[in-house]
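The following exercises ask you to work from the fold as a whole down to a single element. Try each task before reading its solution.

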Amino acid sequence: MAGVLIAPPASADTAGFDLQAHRGGRGETTEESLRAFAKSLELGVSTLELDVVITRDVQPLVWHDPTIQADKCSDTAPAYPGDPQYPYVGKLVHELTLAQIHTLDCGKRLAEFPDAEVLHGNKIATLPEVFALADSYHSGVRFNVETKVEADRPGDSAQPQEFVDVILAAVRSAAKVDRVEIQSFDWRTLPMARREEPSIPLVALYDEQTWAPGSPWLAGEDAAAIGDPMLGAKLIGADIVSPHYTLVGGKPYVDHAHWLGLKIIPWTVNDEGAMREQIADGVDGLITDFPTLLRRVLAGLGMPLPPAYHRG
């Protein structure tokens with residue numbers, strides 16, 4: 001789509017820095033556990049960032065990986081006697097039912113985060129359970145929901161339209177249409193979501209692997225012809241770009257996103273120095289595994305902090 005002209009807006013929306021707890025803050029607590037999301041609500045974050053994969057019985061599971069990984073989960077018992085799919089560790093989520101998945105203990109300590117609180121016996125949550133948890137805190141937090149479509153291995157996950165349909169059904173049921181963003185590396189899901197719910201902001205994730213010539217992740221856009229990932233994101237209807245933070249080449253990179261009318265919220269920033277650099281460059285928010293650290297950085301810079309929430 002080379003040659004497409006997009007006029008710049010008068011200015012970018014800079015109201016409120018978006019502190020996003022990646023997978024609920026997995027550097028501090030077992031990733032994407034209800035305990036992690038609760039701690040982030042009690043700490044005070046703007047947005048709970050989370051992933052969704054679709055089970056065989058079409059349930060929106062809050063989980064990052066297409067498979068049940070041995071470094072995160074252990075089998076306990078089959079969902080029913082003689083289940084031929086047992087053991088479940090190593091199986092694709094899309095091949096398992098929620099009942100089978102709920103037999104797993106997904107509370108292992110990860111070597112990458114040795115100081116995180118480990119929730120032994122953790123059961124993987126569903127998207128409605130995360131929404132219900134936030135409601136129990138009467139919170140105004142937002143939700144950044146990633147569709148974990150495996151564009152380069154299409155047999156490993158549900159297809160894009162199924163992701164959109166299942167996620168939006170849960171969003172509507174929980175009355176969260178005005179509190180959700182949909183993000184994806186697989187840009188096919190973004191225009192699908194826009195057609196179904198035009199008001200929901202769309203987030204285009206990318207890194208050096210997905211923004212590349214011949215990439216299956218870009219909804220048919222040609223990275224070689226376009227050259228600019230932010231322009232590519234704009235062309236498929238994104239409102240926000242979310243690059244790997246190492247791709248943010250200083251303030252001109254951020255200014256270019258704003259010139260195109262895009263917010264820019266990089267992932268996943270866990271180093272205090274990098275947080276300060278990105279904030280100085282003018283990003284609109286950051287996704288981090290360590291929301292406590294990012295709050296401390298924001299406080300040190302005299303920036304407003306998201307409210308903390310408590311039950312009752």
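**Exercise 1. Find which residue of strand 6 is the bridge partner of Ile182, and how the two strands concerned run.**

Solution. In this predicted model, the bridge partner of Ile182 in strand 6 is Leu202. Next, look at the pairing as a whole: strand 5, which spans residues 180–184, is joined to strand 6 by three bridges, and the two strands run parallel.

**Exercise 2. Determine which way the side chains of strand 6 point, and whether they are buried or exposed.**

Solution. Begin with the general rule that side chains in a regular strand alternate between the two faces of the sheet. Leu202, Ala204 and Tyr206 point one way from strand 6, while Val203 and Leu205 point the other way. Then apply the cut-off for burial, which is under 20% relative accessible area: five of the five residues in strand 6 (residues 202–206) are buried, and the strand is therefore largely enclosed by the rest of the structure.

**Exercise 3. Decide whether the radius of gyration of the chain agrees or disagrees with that of a compact globule.**

Solution. For 312 residues, a compact globule would have a radius of gyration near 20 Å, and because the chain has 19 Å, the two agree. As a further step, consider burial, where 54% of the 312 residues count as buried. Finally, turn to the contacts with a separation of 6 or more, of which 64% are between residues 24 or more positions apart.

**Exercise 4. State how many positive and negative side chains the chain has, and how far apart the centres of the two sets lie.**

Solution. The chain has 26 positive and 44 negative side chains, and the centres of these two sets lie 4 Å apart.

Key:
Residues are numbered from 1 along each chain as its sequence is written. This is a predicted model: local features need pLDDT of at least 70, side-chain atom pairs count only at pLDDT 80 or more; totals for chains, interfaces and linings use all residues. Side-chain values use heavy atoms; hydrogens and water are left out. The radius of gyration is taken over C-alpha atoms; the globule rule is 2.2 Å times the number of residues to the power 0.38. Buried means under 20% relative accessible area, exposed over 50%, partly exposed in between (1.4 Å probe, protein chains only). Contact means heavy atoms within 4.5 Å. Lys and Arg count as positive and Asp and Glu as negative; His and the chain ends are not counted. The place of a charge is taken as NZ of Lys, CZ of Arg, CG of Asp or CD of Glu. Helices (H or I, at least four residues) and strands (E, at least two) are DSSP runs, numbered from the N terminus. Two strands pair if DSSP finds at least two bridges between them.
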